[in-house]
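Biologist: I would like to go through this model with you, one point at a time. Please show it first.

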Amino acid sequence: MGSINWRLTLKISSLAVLLAIFCAVPLWNKEYITMVFMLIFLYMSLGHMWNLLAGYAGLVSLGQQIFIGIGGYSLAVITELYQLPWAVGLAIGGLLAVIFAMVISQPIFKMRGVYFTIGTWIVAEALGVFFSNWSYVRYARGFNITVSYRMSTTEVYYLALAVGVASMALVYVLLRSKLGLALMAMRDNESAAETMGIELYKTKLKCFLIAAFVTGITGGVLYLYIAFISPSAAFGIDWTVAMVFMVIIGGIGTIEGPIIGAVFFVLIKQFLYDYPGISLIILGVLAIVIILVAPKGIVGTLNDRYGWELLSPRRRG
Amino acid sequence: MKAVLQIQDLSISFGNNHVLKSLTFDVMPKEVLGVIGPNGAGKTVMLNILTGTLQPTKGKIFFQGENITHKSITERCRMGVGRTFQVPRPFEKMTVFENVIVAGVYGGGLVEKEAQKRARGIIDKIGLSPKINWFAGKLGLLDRKRLEIGRALAINPKILLLDEVAGGLTESEVVEILGVVQAVKKQGVSVVWIEHVLKTMREGTDRVLCLAEGRNIVCGLPEEVMSSKEVLDTYLGVDER
Amino acid sequence: MPEYAIIQSILNGILLGGLYAIVGIGMSMVFGIMGLTNLAHGDMIILSTFLCIFFVTQLIPNIFLALIITILIMMALGFLIQNFLVNRVLDKGGEPALLVTFGVSIFIQNVLLMIFGADAQVVHTQLAAINIITTKFFSVSALYLFNFIVALLVIGVLHCIVYYTYFGRSIRATSDNVVAAELMGVSTKRIYSYTMCLAMVSAAIAGLLIGMTFISYPSTGTQYLIIAFGVVVIGGMGSLIGTLLGGIILGLAQLLGAYFFGAGYQALTGYIVLLIILTVRPQGLLGTAIRK
Ligand SMILES: Nc1ncnc2c1ncn2[C@@H]1O[C@H](COP(=O)(O)OP(=O)(O)OP(=O)(O)O)[C@@H](O)[C@H]1O
Ligand SMILES: [Mg+2]
C-alpha cells in the first residue's frame, strides 16, 4: 500500500511539474516555440481521438475532417456572421459536431470495415462540395476569421493547452473506467467481448460521439490560429492523414502513442516547413516502414521490450 | 424439476449444408450434460446458436422458461448463459485479472470493485493466481483454456457451455478441469460440456448426448450411451482418444 | 434547346460511365482477388496522367508511345509495391494493408506535388474539340465516345485474360480459395503481384483518358479513388460487367445531378447516391448476383 501511495505521489507531482512547465512556455517569449507547442497539443488531441476510434473501437475512420470542418466553420460563422464571442463559436462547433455525428451514425454504422472507412471519407468530401455550393457560408470563398487577429499566440496557446490536457485526461479516465474495459476487450477480440456481455454497437457509438465532440472543438481552436477557412481545406483529407500518421508512428491502441506521434509529426512538419510536400513524404515512408517492421509503433514496441508504460490503465491483482 | 434450458426442434442450414436437423433436448438444473459426436457433427454450431452468435433456421430455445431464440448475444450473457470458445479467444493485451474483470463487470453486472473481488476468487479456483498479472497473450494452451472457463464463470452463469476445454490437454491437466467443473456444478450451475475425450465424459457428466450429422442420436446415462449401438457405430474406426 | 438537355445529360452520363469503369476496374480486380482496398488507386491513376503528360511534352510527342512507357512503369511500380509492401502485411488482417496503401497514396500525391507543382495539367488532344454526331437533340463528343470504346475494349481484354488464360485460371482459383490454390501449386503472393500489375495497366490507360478529358492536379487522386470505390461497390467486387454498369450508374447520377441542381452539384449527387447505396445495400447494389 505504502509503495503504491509513493508511486502515486511521484506521478501526480511530476505531472504537476510538467503542467507548470507547459503553462510557463509563453513566458519564454519566443512566439515560434509557443506556436510549436500549441500545434503539438492540438494535434495530440486529434491523434487521441483517432486512436480512440481506430485503436480501440475498431472504427478506422478517414472522415474525421468532417468534425474539424464543422468546428472551424461554426467558429467562422458565429464570429463573422453573428459577431458573437469565439467561445460561443467553439461551444457550438463541438455541439454541432456531436449532432452531426449522431445523425450520420445510423447509416454509417451499417457500413462495416473498409466500407465504414471510405464511407466516412465520402461524407467528408460531400460536405466539402456542399459547403462550396452554400451561399450561407460564402461558397468556396470561405471566411477570414477576424477574431483571431485580435488574439495573441499566447491566448490561443492556453486554449490549445487546455484542449490537449483535457483530451489526454479524457482518454485516460475513459480507459480506466468501465467503458475502457470494454474498449480494451473489443480492441483485442470483438466476438469474445460480445459474449462477455459488451454491447459493441453502443460502445462504438459512444466513442464516435466523444471523438466528434473533441475533434470539433479542436478544429475550432485550430482555425482560431489559422484565421482563414475554406471548404476544401477544412474538409480535406490532410487532417486525417495527420491523425493516421501520428497514431501509427506513436503506437496504435496505446495511450501514449498519440503524444509521441504528435511531437514527431509537428516537429518534422515545422522543421520542413518550407517544403510541405517533403514532410508528408517522409512521414508517409516512416508510417509504412513502421507498419511493416514495428506495427505497434514506437510506444507499443518499447512497451513490449521494456514493459515501459507511462500512463497505465492497468488494474493490478 | 423444470429444465433450465429447453432446445426444441432446432435446425440450421448453410446453403445446402444442413448442419442441425431438428435437434431437441433439455438440460436440467445442476446437471452436467456431456455432448459427444464426430468432427463436423455440428456441436460448435449448436453452441453458437445457444449463445446467439448464429440464428437457427427453425426451432426455439427456452432458458428458465423464457423464449430466448431472438435475444441478442449480450442479453443472453446477462441472463446467465456463459460459454467458452473451442479455440480460446483471450483479450491478449489485457492481463488475466483484467480478462476476468471484464466479464464480471459487463456479463455479471457488477461494479468494478466487486468484479475485482470475484475475479480474484475465480482466478484462484482455476489455478491461475500465480499468473494473475500476466498478459493473456503470453499464456500457454492449458492456461488459456482455464482463462476461458474463468471468464465464463465471472458472468455468474446459470448455465455454462463448454466447448472442448479438455481437448489437447494431458491426463493430469484434464483431472484439474474435471475438478473445476464439479465445483461449478456444486454451486448449482448447469453445464453443457462438449468433448471428444470419451473417458472424461464418462467420469465428469451426469448424462451424455451423442450428436451425429446434426441429430440427437442417443441420450442417456454416460455408461449406457457409451456402450450403445448407435455410438459404437458412429465411432467405429475412430479410436477412443 | 434546354428541353433536350436532359437527353444530352443521359448520353454523356452513359459515356462517362465507360471512363469510370476503367477507373474502377483495377480496384475491383484487386479487391475481388486479394480482398485489398487499394487507397492509392486514384493516385496511381493521376500518377499515370502526369507520366503521360511528361513523356508527351518532354520526350516523344507520340501519345501512344507515351502510354506504352507509362504502362511499363506503372506495371513495375505496381509489382514493387505489391511485392515489397502489401504482400508482407496482407495476412495480418485488413487494417495494416489498408493503411499501407494509404501511406502510398499520400506519398504519390506529395511526390507529384513536389515535382510538378500544384498547377493544373492536361493532355492536349484534338479529340476534345470534335463532335462525331450532331443532331438537333444532342451531340456525341468524340472524346467521350473514344473513352467509352476504350473502356469496352479494356473490359473485353481483361475478360479474355481472366477466363481464357492459365494466368486467369490461377487468379480465379486464388480468389475462390487461397488454401486450395496453394495446394494446387499456385503461389498466391505471386498471383497477387501479377494482379496488381494488371490493375496498373488499367490505371495507366485510365490515367491517359482522364488526362485527355479533365484537368488534373496532384491531389485529384482522391476524387478518382472514390469514383473507383463507387464503381466497385455498385458493380460488385471483382465483376467485370458489373464494373461497367457501376460506372454508368455513377456517371448518370453525376450528370443528372448536374442537370437538375446545377454543375456545382455534379460531384455531390454522385457522393450522395453512393452513400445511399452503401447504407441500403452495404454489400453492393449488384452484389454477388453477377459475380461468377
Ligand atoms: N458460419 C458457418 N458457415 C457455414 N458453415 C458452417 C459455419 N459454421 C460451421 N459450419 C459447418 O457446420 C458443420 C459443423 O461444424 P461444427 O464446427 O459445429 O462441428 P463440430 O461438431 O464442432 O466439430 P469439431 O469436433 O471438429 O469441433 C461443418 O461442416 C462446418 O463446415
Ligand atoms: Mg467444434
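Biologist: Which cysteine sulfur is closest to the sulfur of Cys77(B)?

Modeller: This is a predicted model, in which local features need pLDDT of at least 70 and side-chain atom pairs pLDDT 80 or more, while totals for chains, interfaces and linings use all residues. Side-chain values use heavy atoms without hydrogens or water, residues are numbered from 1 along each chain as its sequence is written, and chains are lettered from A and ligands numbered from 1 in the order in which they are written. Cys77(B) is buried at 1% relative accessible area (buried is under 20%, exposed over 50%, partly exposed in between, with a 1.4 Å probe and protein chains only). Its closest cysteine sulfur is 20 Å away, too far for a bond, and belongs to Cys207(A).

Biologist: How many disulfides does a search of the whole structure find?

Modeller: A disulfide is taken as a pair of cysteine sulfur atoms within 2.5 Å. The sulfur of Cys219(B), a partly exposed residue at 34%, is too far for a bond, being 9.9 Å from the closest one, in Cys210(B). Over all chains, the number of disulfides found is zero.

Biologist: Which residue forms a salt bridge with Lys204(A)?

Modeller: A salt bridge needs a side-chain nitrogen of Lys or Arg within 4 Å of a carboxyl oxygen of Asp or Glu. Here the closest N and O atoms are 2.9 Å apart, and the partner of Lys204(A) is Glu190(A). This pair links helix H9 (residues 200-226) with helix H8 (residues 190-195) of chain A, 14 residues apart (helices are DSSP runs of H or I with at least four residues, strands runs of E with at least two, numbered from the N terminus).

Biologist: How many residues apart in sequence are the parts tied together by Lys58(B) and Asp9(B)?

Modeller: The side chains of Lys58(B) and Asp9(B) meet in a salt bridge, 3.7 Å from N to O. Lys58(B) lies in strand E4 (residues 58-63) and Asp9(B) in strand E1 (residues 5-14) of chain B, so the parts tied together are 49 residues apart.
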